[in-house]
Amino acid sequence: ANDLGSVTTVKGGLTVEGPMILEQSAVSNLSDDSSIPVTNATARVDANGSARTGIRFSGAGTAGQFLTVINTGGENLTFHPTEGTALIRGTNTNKDTIRPGEAHLFISDGSLWNHVGGGTTDEGGGMTPG
């Protein structure tokens, strides 16, 4: 195995043999209208005892940036309903909640986060495509 150390750019492609495991961030306890940090490859979040609403990202990220958000707590985290506040492209009531135990993948386009998938597969809940 090769250790890439603090390499920030890999040119010409990258092949990974075996699982690619992202370093886990510390858990961020959220309250209503709190922000999910976007400075690591993962954001582990917890509603800290009560379902939370008005959740948003702390920034739009860099175009091409991947972010996995994991709800480690026992309550729902529901995003702010406005795209520009939540910083999620196309957010709506059919895809606005990260349920307990779910992991979701987002990719930044430089302006907003785009939900790729994760969590439940039923249309009525979770951040499933609408």
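Over which residues does pLDDT stay under 50? Here are some friendly notes to read beside the model.

1. That stretch is residues 121–126, and the model has 17 contacts for it beyond four places in sequence. Here pLDDT is the predictor's confidence in each residue, from 0 to 100, and a contact means heavy atoms within 4.5 Å. Where pLDDT is low, the predicted coordinates should not be read in detail.

2. This is a predicted model, in which local features need pLDDT of at least 70, side-chain atom pairs count only at pLDDT 80 or more, and totals for chains, interfaces and linings use all residues. Residues are numbered from 1 along each chain as its sequence is written, and side-chain values use heavy atoms, leaving out hydrogens and water.

3. The chain has an average pLDDT of 86, with 88% of its residues scoring at least 70. Helices (H or I, at least four residues) and strands (E, at least two) are DSSP runs, numbered from the N terminus.

4. Now look for an open sheet of four strands, ordered E2-E4-E6-E7 with mixed pairing. Its edge strands, E2 and E7 (97–98), each pair on one side only. Two strands pair if DSSP finds at least two bridges between them.

5. Zoom in on E2: with strand E4 (residues 52–57), E2 pairs in the parallel sense over two bridges. Ile36 has Phe57 in E4 as its bridge partner. In general, strands of a sheet pair through backbone hydrogen bonds, either parallel or antiparallel.
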